[in-house]
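These are notes for a colleague who is opening this entry for the first time. Please read them beside the sequence and the 3D view.

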Amino acid sequence: MTPTELLNLSLIEVAGAIRRKKVSSVEVTRACLDHAARVQPQLNCFISIEAEEALKAARKADQALKRGARLGPLHGVPLAHKDMYYRAGKVSTGGSNILRDYRPRVTATVVERLAAAGAIWLGGLNMSEFAANPTGHNDHWGHCRNPWNPAHMTGGSSSGSGSAVAARACYGALGSDTGGSVRLPAAACGVVGLKPTYGLISRYGIMPRSWSQDTVGPLTRTVHDCARLTRIIAGADPKDPTCVNEPAPNYEQALAGRVKGLKIGVPANHYYDGATGDVRKRMEESLAVFKTLGARIIEIKVPDPQEIFLLSATVSQSEAATMHGPWIRTRPQDYSLYVLSRMEAGFHIPVTTYLQAINLRAHLLDDFMRQVYMKVDLLHTPVMVMPPPTIAETEPRASGDVTGIVSRITRNTRPTNYLGLPALSVPAGFSENGLPIAFQLMGRPFSETLIFRAAHLYQQETDWHRCAPRL
Amino acid sequence: MTNEKLTAQLIRDHGRQLVRLDISEHRAGELAAEVERLNNAVLDAAVRLDFNDEPARFTALLLAYRQANAK
């Protein structure tokens, strides 16, 4: 296989090829490293590339295969992750200046699980500073760029994860999603991204953004790849008390089901406000695919997402101000103005208001379940109402309207975090100017199995996930 | 009762006196508008709260729905 053919394999395909000895982990890892080095000047998707360590691990993986050792489901597969997943003693920057040399003392549970499954760590991926903006701008490490058109934003905050996976520089990546930070870069870069149910995946050993809404999620090229990574990293973790105390289901096995008779809701309010013509068209086309698969499409009015959006922002601003307070007081010059502006209001929100916003979650979740998920099984909406804008258009200093920019980009993703519900971003085609457009499937708590199945069947009928950017 | 408009001066005083932050007048004006918007959204929604509510109810509810899904 040529390096290009190798890089175009999915995670599932490359894991199978390594296992069957069609290709070695060293060949695959070298192909990724060479390609990463080639695209990095254009895309700036990596903060660090650990070439020597990765090749050493790949050689070890090949030796294990040769001697017939027991193999994990990611044996020898190169991955890279948002630079906020801790490994004891290794630098983890959080995309910030403040943590530029930070070496945590612990290793994230999800990193341990991926390593135990045989994955190779290629490097740390670019991200928005402290995971605090949805565009991918980063004043300290440079803006990450969209592989479909480097003048356009990647989405954030898991900007490097979306860019590197789409660019074929790695087979999958972890991101994190507090208000859309996995789904937005997945959508803008044309890959799959999961925001899991709150409590499904351990957050131990990851940099926090908003304790009550943070989730860990994989970005991959196919739904099947995403199901595999989720199967490996999900499930009980005594180190994270918010994590459910049960093993994760086998999401890959569940892909084999059908969706005949499934009720898919399309919101009549909020989610299409301001949607461009090409976004509407791609949404209609994707719904038509679900219809041919036997699903029923039902228009539905959802509880006011704008109210949920504001409650979510109250929680995240309060929690971010709490955790960043000591640094904001002592070294404010080390934060970009954009990021400071996303935390400062939190200092002035009364603690009673914060706690009310926290206690309202159960009520709003109950309302949402009764008004939506008693009537439909899944909700289908655009991830963003417009194709990814340019980096210049979303530069906060250019417009001065940080809140406006953030609100327009995250209006369809943030409510899900407040409600703790799962959502999967799935590529649905391209805009008139050749940029990716995506829909998200949202479901009931812990319904990832159903979401994966529906999205996987969609990908069996379409080939948007096979499209690769020319770099 | 409707609350009075939150002022930049209040934000500046709060910053100095309670959270040890010196905030420019211009920024305090922007923050006043943002804090007012967020605070009012929560206060308006808070009519739904019950005396016995507590933060852990949310995660318990997610799990309850999980069990309901499984049936």
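How many aromatic pairs are there over all chains? The count comes to 11 aromatic pairs, where rings of Phe, Tyr and Trp (its six-membered ring) pair if their centres lie within 6.5 Å. Planes under 30 degrees apart count as stacked, over 60 as edge-to-face and the rest as tilted.

1. Basis. This is a predicted model, in which local features need pLDDT of at least 70 and side-chain atom pairs count only at pLDDT 80 or more, while totals for chains, interfaces and linings use all residues. Residues are numbered from 1 along each chain as its sequence is written, chains are lettered from A and ligands numbered from 1 in the order in which they are written, and side-chain values use heavy atoms, with hydrogens and water left out.

2. An edge-to-face pair. Phe290(A) and Phe439(A) form an edge-to-face pair, with 5.7 Å from centre to centre and 80 degrees between the planes. Phe290(A) lies in helix H10 (residues 277–292) and Phe439(A) in strand S11 (residues 436–443), so the pair ties together parts of chain A that are 149 residues apart in sequence. Helices (H or I, at least four residues) and strands (E, at least two) are DSSP runs, numbered from the N terminus. Both Phe290(A) and Phe439(A) are buried, that is, under 20% relative accessible area; exposed means over 50%, and partly exposed lies in between (1.4 Å probe, protein chains only).

3. A stacked pair. Phe290(A) also forms a stacked pair with Tyr458(A), at 5.5 Å centre to centre and 20 degrees between the planes. This pair links helix H10 to helix H17 (residues 448–461) of chain A, and its two residues are 168 apart. Why does Phe290(A) count as buried? Its relative accessibility is 0%. Tyr458(A) is buried as well, with a relative accessible area of 1%.

4. Other local features. Ring pairs link Phe130(A), Trp327(A) and Tyr335(A) into a cluster. Gly277(A), in helix H10 of chain A, is exposed, with a relative accessible area of 53%. The C-alpha atoms of Gly277(A) and Met386(A) are separated by 8.7 Å, and these residues are 109 apart along the chain.

5. Chain A overall. Chain A has 17 helices and 11 strands. Of the 471 residues in chain A, 69% are buried. Among contacts (heavy atoms within 4.5 Å) between residues at least 6 apart in sequence, 78% join residues at least 24 apart in chain A.

6. Chain B overall. Is chain B compact or spread out? Chain B holds three helices and zero strands, in the order α-α-α along the sequence. The radius of gyration of chain B is 19 Å, well over the 11 Å that the globule rule gives for 71 residues, so chain B is more spread out than a compact globule. Its C-alpha atoms fill a box of roughly 55 × 30 × 20 Å along the principal axes. Buried residues make up 35% of the 71 residues in chain B.

Methods:
The radius of gyration is taken over C-alpha atoms; the globule rule is 2.2 Å times the number of residues to the power 0.38.
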